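Here are my notes on the model, jotted down point by point. Have the structure open beside you while you read.

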Amino acid sequence: MFDGVPLPDDQKPPRPTFPARADGPTMDLALAAAQAAVKACNGYSIAVSIVDSAGMPKLFYVPDTTAGFHAYTALRKANTARVFDKPTSAVAALAKGDSAIAAQVRGDGNLLAFAGGVPLWSRDQLIGAIGVSGAEPSSVDERCALAAAEVIEDQLN
């Protein structure tokens, strides 16, 4: 335990503080959505990332034919869609005309305003977001993310 380093008898190891549970799709639903995205992106090697409403990763889905770095790009797209409550293609359009939004996206390594991220809604409540990366152009990523979001939203609404 603890790489063989003994701890004093009167001390317990530090424990991280965990955030409160946030709204988000179940793992089964997240997996079904990721598989729907891959099916919708037939012919492209994509990765899918799903985050909950607090931006915590729920699922990384990287099929065998996909480069692993796409999962991180997809995570950044999902997080951007969650932060702005809109598809990343819309965030990119806003950033072109709004220097504050452009600066926010450029200044946060967890954000990326390329198409392919969409928010997830249950009724009128944001429950997370999905990001897809690997298809070119990124508008294809968004089409596949929308197909995945539809699976989740159909099950929740």
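**Notes on the packing**

1. Let's start with Ala149. Leaving out neighbours within four places in sequence, Ala149 is in contact with Val118, Leu120 and Ile130, where contact means heavy atoms within 4.5 Å. Ala149 sits in helix H5 (residues 138-156) and is buried, at a relative accessible area of 4%. For the cut-offs: buried is under 20% relative accessible area, exposed is over 50%, and partly exposed lies in between (1.4 Å probe, protein chains only). Ala37 is 112 residues away from Ala149 along the chain, yet their C-alpha atoms are separated by 8.5 Å.

2. Some housekeeping before going on. This is a predicted model, so local features need pLDDT of at least 70 and side-chain atom pairs count only at pLDDT 80 or more, while totals for chains, interfaces and linings use all residues. Residues are numbered from 1 along each chain as its sequence is written, and side-chain values use heavy atoms, with hydrogens and water left out. Helices (H or I, at least four residues) and strands (E, at least two) are DSSP runs, numbered from the N terminus.

3. A nonpolar core here is a set of buried Ala, Val, Leu, Ile, Met, Phe, Trp, Tyr and Cys residues joined through side-chain atoms within 4.5 Å. The largest one has 22 residues, and those with the most contacts inside it include Ile46, Leu120, Val132 and Ile152. At least two residues of this core come from each of helix H1 (27-40), strand S1 (47-52), S3, strand S4 (125-133) and H5. H5 gives the most, with six residues. Apart from this core lies another, of eight residues, among them Phe84, Ile101, Ala102 and Leu111.

4. Which residues does Val132 touch? Not counting residues up to four places away in sequence, its partners include Ala37, Ile46, Val48, Cys144 and Ala145, and also Lys77 and Asp141.

5. The structure holds one salt bridge, where the criterion is a side-chain nitrogen of Lys or Arg within 4 Å of a carboxyl oxygen of Asp or Glu. Lys77 and Asp141 form it through their side chains, at 2.8 Å from N to O. The pair links distant parts of the chain, with Lys77 in helix H2 and Asp141 in helix H5, 64 residues apart. Both Lys77 and Asp141 are buried.

6. Next, strand S1: six of its six residues are buried. Ala47, Ser49 and Val51 point one way, Val48, Ile50 and Asp52 the other. S1 pairs with S4 in the antiparallel sense over six bridges (two strands pair if DSSP finds at least two bridges between them), and Ile50 stands opposite Ile130 in S4. S1 also pairs with strand S2 (residues 57-61), again antiparallel, over four bridges, with Tyr61 as the bridge partner of Val48. S1 and S2 make a hairpin with four residues between them, and Gly55 in the turn has a positive phi of about 85 degrees.

7. Last, helix H3 (residues 88-97), where Thr88, Val91 and Ala95 are buried. Seen down the H3 axis, the buried residues fall within an arc of 50 degrees, so they line one face of the helix; the arc is taken from the directions from the helix axis to the C-beta atoms. The face turned away from the buried side carries exposed Ala93, Lys96 and Gly97. The buried residues of H3 pack against helix H2 (69-84), helix H4 (99-107), strand S3 (117-122) and H5.
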